[in-house]
There are 2 protein chains.
Amino acid sequence: MVSFRKVAIIGLGLLGGSIGLAIRAHLPGITSTGYDIDPAVRQRATERELADRICETAEEAVTGADLVILCVPVGAMGSVASLIAPVLSPDALVSDVGSSKRTISRALAEALPGHDVIPAHPVAGTEDSGPDAGFATLFHQRWCIVTPPEGADAGKLAALVAFWQALGATVDTMDPEHHDRVLAVTSHIPHLIAYTIVGTASDLEEVTRSEVIKYSAGGFRDFTRIAASDPTMWRDVFLHNRDAVLEMLDRFLTDLALMREAIRASDGETMFDWFTRTREIRRSIVAIGQDDSRPDFGRKDHR
Amino acid sequence: MVSFRKVAIIGLGLLGGSIGLAIRAHLPGITSTGYDIDPAVRQRATERELADRICETAEEAVTGADLVILCVPVGAMGSVASLIAPVLSPDALVSDVGSSKRTISRALAEALPGHDVIPAHPVAGTEDSGPDAGFATLFHQRWCIVTPPEGADAGKLAALVAFWQALGATVDTMDPEHHDRVLAVTSHIPHLIAYTIVGTASDLEEVTRSEVIKYSAGGFRDFTRIAASDPTMWRDVFLHNRDAVLEMLDRFLTDLALMREAIRASDGETMFDWFTRTREIRRSIVAIGQDDSRPDFGRKDHR
C-alpha cells in the first residue's frame, strides 16, 4: 500500500541514484523526478536515467511531488528544505536519508513549518559515491530506520514504511536521539577510526607508504574501504552527531587503554578473553544475513 | 628451481593446511608430512588430506624432511623447535609462518644451534581458523616476507624463495625488526583496534547488542571480520611484537586525539582534509591488486 504517486529525489549521488533506480525496478507505478546542484551530476543522471525526469532546479523537481526525499549531505539538509518550502504541495511528505537524525529532524522541522516531515535513514552504502555509484538493489536486506516526530501523520508514516519495504528494506522505528547513539557505534566511530588509522599509516617515516599498500592484506585493507567514503558526507556526520560520537569515542578510548596496558604488561589472559568473546558478534552478524559468510567477504581472490 | 623433496608441516590450521593443499596443487614432485598437537585436528587433516601423510608425532613428521615449516602460534615456536631439534636432518632448512619475526628469529636460532633457519611470513589469511579453513590458493597474489639471518645459506634461501613463488606468492626480503614495524601498522594495530571496538560495542548499556548486530552494515561489520580471527594466534602476536605495536599504537592515539579535538571544536576543515587524502591509499591498494575493486569487496548482497 505505497500511496505515493510522484517522488522527487534531491541529490543524485549513491543514495539518491539508488532510490531512483530502485523505484523503477520495484515500483513501476510511481513517477520520479531528480535534481542535483552539480550540472555534471545532472548530466550523468540523465544518461543513467536515475529518475524519469532530471530537472534543472530543485523547485521544478518537487513541484507536484507527494514524497520528497532529500539525499544531500547532512549539513545541507536545512538550506535545501528552505529552498523547496515555497513550492511544496501542502500534502507532500518530506523525508531524507541522512546518517544522523537529531539535528536533521530539528532543521527540517524549522525549515518546513506546517509540512509533514518524517526523517529516515537507510543503513546501506558502499565506499563509492556520485551519480555512477547507485544501483537498484542497494537496499535489499538492509535496515531503514524511520524517526517520526511526535504527532506524525499515521497514514503518511505507513506509506513511507511501505515505500522502503517495496525497495527491499526492513523498517525500524526509533527516536532520533537513540538512532544517533546506535549509529555512532555501528557506523560513525568505525569510519572515524578507519579514517584515522589510514592517515596514521600514510604519515610514518619508518614504514613507507608503498610498504603499507603492499602488505595491506594483513588486515589494513579492510579499513581502507570505509576510509574511501565521501569526505563531505562524513565531515557533516561528525559535525552533526558530535555529542554521541564523542561519547562513544571515549568508551572506545577507555577500552583501548585497557588493551594497551595488557600488551605493555604482557597480560596474555586479558587479551585472550577479550579476543574470544568478540568472535561471537561476527557469527551473529553473519547469521542474520547482515554480512557475507564466505571468508574475506567473498573477495574474488579467494576460492 | 624448488630443490626440496620432502616438506614437513607442523601445525595444521589455516596456514599449515593451506600450505599442504598448495603443495599438492602446485608442486606435485614434493611429498609432504603433517602434524598437529590436537588429535581432532589430525583426524580432520587426514580426512581432508592436508598432507600426504599425517603423523602421530612431530618427530615422525620431520624425520627425513629437507624443509620444515612451523605453523604454530608465535608463542609455541621455540618449544616446538626444541622438540624436533634432535631428529632434524643436518641439512634440513627450518622456516615458519609467524606474524612477528624478531622474537621468533631469536627463539628458533636458540633452539636449533647448528641448523639452517630462515624465518618467513606469508601475508595472507582469512578470519577462519582450524583444519577446515585452509585452501590451495590462499597465497596467490599475496606477499611472503622472508627474514634471513646474517650469513644464511644462499642456496637454501633461494630454494625457500622459489618454494613460496611456486605457491603463488611474491617474495620480499627484510630484516626482522623492519618486518615487525611494517606488520605492526598493516596488520597488528588494525586487529587490535577491531578487537577493541567490537568489544566496546558489545558492552554498551544504551545500545543493545542486538542493535549493534542489526545495524552493522553501516561500517561496523567490516571490523568484525578481523575481530573473529584466532584468539591464541593474536594474543601471541601482541606478546611477541610488543615494542613495535606500542610504538605504532601511540602514533594512532595521537592522531585520534587530533580528530577528537576537530570534532569537539566543530573543525570541519581539518576533518575534510584528512578524509580526502585517505581515499588515495584505497585506490593504490586496489590498483596493485591487493584488494577487490568491486564495491563492498564484492559481497554477495551487492549487484
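Where is Ser266(A) found? Ser266(A) is in the loop between H11 and H12 of chain A, and there's more on that residue below. This is a predicted model, where local features need pLDDT of at least 70, side-chain atom pairs count only at pLDDT 80 or more, and totals for chains, interfaces and linings use all residues. As for labels, residues are numbered from 1 along each chain as its sequence is written, while chains are lettered from A and ligands numbered from 1 in the order in which they are written. Helices (H or I, at least four residues) and strands (E, at least two) are DSSP runs numbered from the N terminus.

**How the two chains relate**

**The interface**

- Contact here is between 96 residues of chain A and 96 residues of chain B, with two residues in contact if their C-beta atoms, placed from the backbone, lie within 7 Å.
- On the chain A side, the elements giving two or more residues are helices H7 (176–202), H8 (209–214), H9 (220–226), H10 (231–240), H11 (242–264) and H12 (268–287).
- H7(A) gives the most, with 19 residues.
- By type, the chain A side splits into 46 nonpolar, 24 polar and 26 charged residues. Nonpolar means Ala, Val, Leu, Ile, Met, Phe, Trp, Tyr, Cys and Pro, charged means Asp, Glu, Lys and Arg, and the others, Gly among them, are polar.

**The core**

- The largest nonpolar core has 198 residues, and Ile10, Val68 and Ile189 of chain A and of chain B touch the most other members. Such a core is a set of buried Ala, Val, Leu, Ile, Met, Phe, Trp, Tyr and Cys residues joined through C-beta atoms within 7 Å.
- Not counting residues up to four places away in sequence, Ile10(A) touches several residues, including Tyr35(A), Val68(A), Leu70(A) and Val80(A).

**The three-stranded sheet**

- In chain A, an open sheet of 3 strands runs in the order E7-E8-E9 with mixed pairing; strands pair if DSSP finds at least two bridges between them.
- Strands E7 (120–123) and E9 (170–173) of chain A stand at the edges with a single partner strand each, so one side of each has no neighbour in the sheet.
- E8(A) and E9(A) pair in the parallel sense over 4 bridges, and Ile145(A) has Asp172(A) as its bridge partner in E9(A).
- Over in chain B, 4 bridges join E7(B) to strand E8 (residues 143–146), and these two run antiparallel. His121(B) has Ile145(B) as its bridge partner in E8(B).
- Val146(A) sits in strand E8 (residues 143–146) of chain A and is buried, with 22 C-beta neighbours inside 10 Å.
- The C-alpha atoms of Val146(A) and Ala120(A) are 4.2 Å apart, although 26 residues separate them along the chain.

**Back to Ser266**

- Most residues other than glycine have a negative phi. Ser266(A) has a positive phi of about 50 degrees, and phi of Ser266(B) is near 50 degrees too.
- Ser266(A) is exposed, with 11 other C-beta atoms within 10 Å. The cut-offs are 20 or more other C-beta atoms within 10 Å for buried, 12 or fewer for exposed and partly exposed in between, with C-beta atoms placed from the backbone.
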